[in-house]
Every structure is written in structure tokens, then in C-alpha cells.
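Please have the sequence and the 3D view ready.

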Amino acid sequence: MGLRPSHAGALLRSHYAAGAGAGPNGRQFPPALARRLDDERTRRASAIAARQVAQDGTTKLLLRLGDGHTVESVMMPDFREDRAAGCLSSQVGCAMGCDFCATAKTGFERNLTSGEIVEQFLALRAEALAAGRRLQTIVFMGMGEPMLNLDNVLASIDRMARNELGALGFRQVTVSTVGIVSGIDALARSGMNVHLAVSLHAPDDPTRARLLPAGRRFGVRDILEAADRYQATTGRPVSLQYCLLGGVNDSAAQADELAALLGGRRMHVNLLRYNPTGISLRGEAYAPASEEATEAFVARLRSRAVVAHIRRPRGREIDAACGQLRRRA
Ligand code: SF4
């Protein structure tokens with residue numbers, strides 16, 4: 001287009017870091033060229049195929065990709081009224097087969113490209129801006145296992161978070177995994193220094209293998225040791241996600257076992273009550289842990305000096321669990 005290489009940085013930064021609708025700086029680019037660049041850069045490979053907004057402002061998008069596949073992304077308003085968080089997908093479908101997950105029911109279709117991941121970010125940022133908020137943090141907790149598409153996930157994080165380009169910082173990005181040990185080590189080696197979240201969901205291997213078939217490949221102790229290495233390399237405390245299912249993983253004994261595992265470790269436990277997604281892959285009808293069991297579980301962890309929080313459910317009245325909107329559509 002006749003631009004000098006030195007223009008590339010300004011152009012990319014205007015694309016990734018500036019708010020939606022902000023064109024390349026007219027003082028750096030002649031107006032006609034600025035208009036042309038703006039047309040080019042706002043061209044997207046995906047389109048919004050469905051949009052659901054919950055009463056709390058949580059907005060779920062179904063993006064239709066260039067080849068017709070669809071993925072979900074979610075904008076979640078923060079309790080601070082000018083901020084929001086985004087949840088991104090890393091794959092179309094997922095091969096992990098977690099028994100309680102709506103996405104698992106459709107199986108794995110393909111990896112997302114880095115561009116398709118960044119487009120989710122741009123779409124969520126536009127949603128946040130329209131709601132008067134700034135998209136402040138990103139979590140890879142949507143469809144797919146990020147560690148199985150790590151190259152593209154890392155390339156997308158680079159664009160969203162590298163200082164010279166992105167709108168975020170690396171500290172504002174969280175990558176979540178079911179516990180792919182090799183992926184945790186690769187993420188540590190990448191030097192990206194993002195936050196790591198591990199979906200543990202049980203303190204023992206048999207319960208974990210029942211909920212997460214991937215758990216058969218990597219035991220709880222192996223996963224926690226990988227998390228230790230991640231913390232040692234990056235200096236970032238790892239958070240452990242624990243979805244409480246009634247009568248499955250919410251007992252006092254399981255809370256004690258989890259506390260014993262975490263003794264001496266500087267990890268945070270995020271507890272979430274299960275969001276029902278219908279009959280599971282293996283034909284189970286899981287139910288959320290009761291309020292009482294949830295409170296007792298967190299109290300037991302805290303009494304043993306484990307840092308634990310109960311995550312607020314978001315967008316319950318829309319298809320809030322990952323994969324639900326896509327299945328319905
Ligand atoms: S919970 Fe995550 S990793 Fe497990 S099947 Fe669903 S999308 Fe995949």
C-alpha cells in the first residue's frame with residue numbers, strides 16, 4: 001500500500017490497542033490512505049451469528065467463522081462499573097470430553113487460528129465499549145483446551161498483550177487448562193508470564209477421572225507439580241478451578257483432602273457451583289452442590305489456611321455454560 005515499515009507499528013497498535021472505531025491517526029497517514037486502512041482493518045473473517053444478554057449485563061456472542069463453524073465468546077461486566085472481562089474460545093468444540101461440559105458433547109472440530117481468537121477479543125471489546133466499559137482482562141475458559149492449540153493461543157496473546165501492539169498486559173490474561181502437564185511447562189517456557197488456571201475439580205484421581213477423562217493421563221500430583229514449576233518460573237500464583245457438583249466432589253472429606261494437597265502451596269482455589277447443562281456425556285444428571293455444602297466446603301478450606309473464594313455465577317438465565325448457545329443454535 002506504499003507505506004513505510006515504520007508505519008506498521010502505529011497501524012498495528014491502532015488496530016489492537018485503540019478502541020473500536022478509532023482509525024489510524026490522520027496526522028500520521030494522509031486522509032485517503034487512513035480511510036483505506038480503516039476499511040481494511042475493520043474487515044473481519046467472522047460475523048456475530050447470535051447474541052444473548054443476561055440481566056447482569058453478561059453478553060454471550062456466537063461468532064460464525066469464515067468456514068461456517070461457530071464459537072462462543074462472553075463479555076462479563078466487572079463489579080467496577082467501567083470494566084469488563086472477556087472469555088475466549090481456543091478451539092471449535094473440544095476433545096477433552098469433560099463429563100459435565102456442554103462443549104464436550106459436540107466433540108472436537110478444529111483449532112482456531114490466532115486471528116480468529118483475536119477477532120473474539122475485538123468483538124468483546126466492542127461489546128464492552130458499547131456498555132460503557134473497558135475490556136480489562138481476558139480468560140481462555142471458553143470452548144476448547146488452550147494447551148492443545150498453544151501456538152495459536154500464544155500468537156493471539158502476543159497481539160492482544162505485547163506492549164507495542166496490544167490493549168492488555170500479559171498480567172491481564174489467564175490461560176486455563178484441564179491439566180495438560182506438557183502444555184503447562186510449554187506455557188512457562190514461552191516467557192509470556194500470563195496467569196495460569198488449572199481445572200482440578202477433585203482432589204483424588206478416581207473422582208477426577210470420572211469428571212475429566214483427561215485426568216487419566218495426568219494425575220493430580222503430577223498436575224500440581226507442574227503448577228509448582230509454573231509458579232517458580234513466572235512468580236505468578238496459580239489458581240485452581242473447582243466446580244462443585246452435588247454428591248460428587250463436595251464432601252467434607254474431599255475438602256480436607258484438597259486442603260492437605262495444597263498445604264504449603266501458594267495457590268488460590270476458585271469454587272463455582274455447577275451450572276446444569278442437561279444429561280452428561282455418560283448419562284449422568286449432575287446437580288449443583290447445595291448452598292450449604294458450598295459454604296461448608298469453602299469454610300473447611302479456609303480453616304486449613306487455603307485461600308479460597310466462591311465465584312459468582314454469571315448470566316444464569318442465558319445459556320451461560322460454554323457450548324450451550326452453540327448447541328442450541
Ligand atoms: S470443560 Fe473445557 S476442556 Fe473440558 S470438554 Fe469442556 S471445553 Fe473442553
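In which strand is alanine 197 found? Alanine 197 belongs to strand 9. Keep in mind as you look that this is a predicted model.

Is alanine 197 buried or exposed? Its relative accessible area is 0%, and with buried meaning under 20%, alanine 197 counts as buried. Leaving aside residues up to four places away in sequence, alanine 197 touches Met141, Thr174, Val175, Ser176, Thr177, Ser239 and Gln241. One of these, serine 176, is 21 residues away along the chain, yet the two C-alpha atoms are separated by 4.5 Å.

Four of those contacts, Thr174, Val175, Ser176 and Thr177, lead us to strand 8. Strand 8 (residues 173-177) has 5 of its 5 residues buried, so it is largely enclosed by the rest of the structure. In a regular strand, side chains alternate between the two faces of the sheet. Here Val173, Val175 and Thr177 lie on one side, with Thr174 and Ser176 on the other, and both faces are covered.

What does strand 8 pair with? On one hand there is strand 7 (residues 134-140), which runs parallel to strand 8 and is joined to it by 3 bridges. Within this pairing, isoleucine 138 has valine 173 as its bridge partner. On the other hand, 4 bridges join strand 8 to strand 9 (residues 195-199), again in parallel. There, valine 175 stands opposite leucine 196.

From strand 8 the chain crosses through helix 5 (residues 181-189) to strand 9, a β-α-β crossover that is right-handed. Strand 7, helix 4 (residues 150-161) and strand 8 also form a right-handed β-α-β unit.

Next, turn to the ligand. The residues around it are Cys94, Met96, Gly97, Cys98, Cys101, Ala104, Gly142, Gly144 and Val178. Sorted by class, this shell holds 6 nonpolar and 3 polar residues, and no charged ones.

Finally, step back to view the whole chain. It has 10 helices and 12 strands. The radius of gyration is 20 Å, close to the 20 Å that the globule rule gives for 329 residues, so the chain is as compact as a globular protein of that length. Along the principal axes, its C-alpha atoms fill a box of roughly 70 × 40 × 35 Å. Of the 329 residues, 52% count as buried. Among contacts with a separation of 6 or more, 67% are between residues 24 or more positions apart.

Note on methods: Residues numbered from 1 in each chain as written. Predicted model: local features only at pLDDT ≥ 70, side-chain atom pairs only at ≥ 80, totals over all residues. Heavy atoms only, no water. Near = heavy atom within 4 Å. Nonpolar A, V, L, I, M, F, W, Y, C, P; charged D, E, K, R; others polar. Buried < 20%, exposed > 50% of the residue type's maximum accessible area, 1.4 Å probe, protein only. Helix = DSSP H or I, 4+ residues; strand = E, 2+ residues; numbered from the N terminus. Pairing = 2+ DSSP bridges. Right-handed = clockwise from strand over helix to strand, strands pointing away. Rg over C-alpha atoms; globule rule 2.2 N^0.38 Å. Contact = heavy atoms within 4.5 Å.
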